Amino acid sequence: MDASNRNMFETLIRALTESMFKHLRKWVITRFFGHSRQRARLVSKDGRCNIEFGNVEAQSRLIFFVDIWTTVLDLKWRYKMTIFITAFLGSWFFFGLLWYAVAYIHKDLPEFHPSANHSPCVENINGLTSAFLFSLETQVTIGYGFRCVTEQCATAIFLLICQSILGVMINSFMCGAILAKISRPKKRAKTIMFSKNAVISKRGGKLCLLIRVANLRKSLLISSHIYGKLLKTTVTPEGETIILDQTNINFVVDAGNENLFFISPLTIYHIIDHHSPFFHMAAETLLQQDFELVVFLDGTVESTSATCQVRTSYVPEEVLWGYRFAPIVSKTKEGKYRVDFHNFSKTVEVETPHCAMCLYNEKDARARMKRGYDNPSFILSEVNETDDTKM
């Protein structure tokens, strides 16, 4: 084996060894340290906020009852259905007791042995059970015709009016709350999907952080807007420690970040330049960073014109340096465009500078070479001047 082949063979072995150790180190970190070192997240992958409020004064808690409509809408379904059933059963039983009290005071019950010409307030109420049934029939307007109010008792007429009005209010509030919760745009947000990982690679000659997002419905999100927030703990020059300090992260697509044509999956990217908080990070130090990247997508639902917000987050372990997303859109023989979601979060390793500063320093060096600065082939030769003006 000659020297050139030997050098080529050694270079190939060195590259394979470095690649093998790189993947092995990544697997060891993910396998043994990924679960034991759980990072605190403000926003989960499905968009829920991980935050709790402590030591809230009792007067402040009363504000939730003042805004009872929003409080009921924000309740979970099991609590909402409990309130729904309790409201109806409670009102039926409460007015059943009142109807029983009216019959008892007016001595309409059988134990009082009313005379044949006795005119009851409510006919055919014989006890607490029949009073409860009459209350139910009155509030839900069933009206079987067996039990009814007579015109001889003003108290019964007044109670009938009160229960009818209160029953309409309970029906309107509870049914409206359930319909509003079902039609909330929050459910529409479930059909917007973000990629599992974010990647960092070159795009258009610039180092970018890329995220893929897809709309699972054929209906569009109108006036969509994408932006991000980088959350990390910072220390001010005055020595103040700010937890969850927020920094704006601008995301764009090739057509801009406003009014997206969101019919097929899009790859949004953030340019890592001198103004980016990722500028001083490198591939070797990324996992040692402590940050959380929260991505937001705001839009208007086309079918209901309601606004919705979709959000997710990425921690350093979910940001892959030196990768790009695999192709996802293809064209069939019939001329249709097909989206293969099997490759939605699949990534492909590509050659990428290990830091943004290296990329821009390399570009500056090339620019100086073209302008003639620091050109090693430029040689300054000294010329001895001669005095030809002697007489």
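The second largest pocket of this predicted model holds about 760 Å³ of space. Of the 23 residues lining this pocket, Asp46, Gly47, Arg48, Lys186 and Lys190 are the closest to its centre. Two elements, strand 1 (192–194) and strand 8 (307–314), each give two or more residues to the lining. Strand 8 gives the most, with 4 residues. By residue class, the lining of the second largest pocket divides into 12 charged, 7 nonpolar and 4 polar residues. Both domain 1 (60–183) and domain 2 (188–367) give residues to this lining, so the pocket lies between the two domains.

Arginine 41 sits in the loop that runs between helix 1 (3–33) and helix 2 (58–66). Leaving aside residues up to four places away in sequence, arginine 41 touches Asn50, Glu292, Ser313, Tyr314, Val315 and Glu318. With one of these residues, serine 313, arginine 41 forms a side-chain polar contact of 2.9 Å. The C-alpha atoms of arginine 41 and serine 313 are separated by 8.0 Å, although the two residues are 272 residues apart along the chain.

The remaining features concern two annotated spans. An unreviewed UniProt entry carries the annotation "transmembrane region" for residues 83–105 and 156–180. In the model, residues 83–105 are 100% helix and 0% strand, and the C-alpha atoms at the ends of this span lie 32 Å apart. Residues 156–180 are likewise 100% helix and 0% strand, with end C-alpha atoms 36 Å apart.

Terms used:
Residues numbered from 1 in each chain as written. Predicted model: local features only at pLDDT ≥ 70, side-chain atom pairs only at ≥ 80, totals over all residues. Heavy atoms only, no water. UniProt positions renumbered as here; feature names shortened; annotations may be inferred. Contact = heavy atoms within 4.5 Å. Polar contact = N/O pair within 3.5 Å; in protein donor to acceptor, adjacent residues only side chain to side chain. 1 Å grid on protein atoms, 1.4 Å probe; cavity = no way out; pocket = protein on both sides within 12 Å on 5 of 7 lines; lining within 4 Å. Points joined across faces, edges and corners; volume = space filled by probe spheres on them. Nonpolar A, V, L, I, M, F, W, Y, C, P; charged D, E, K, R; others polar. Domains from an automatic or database assignment.
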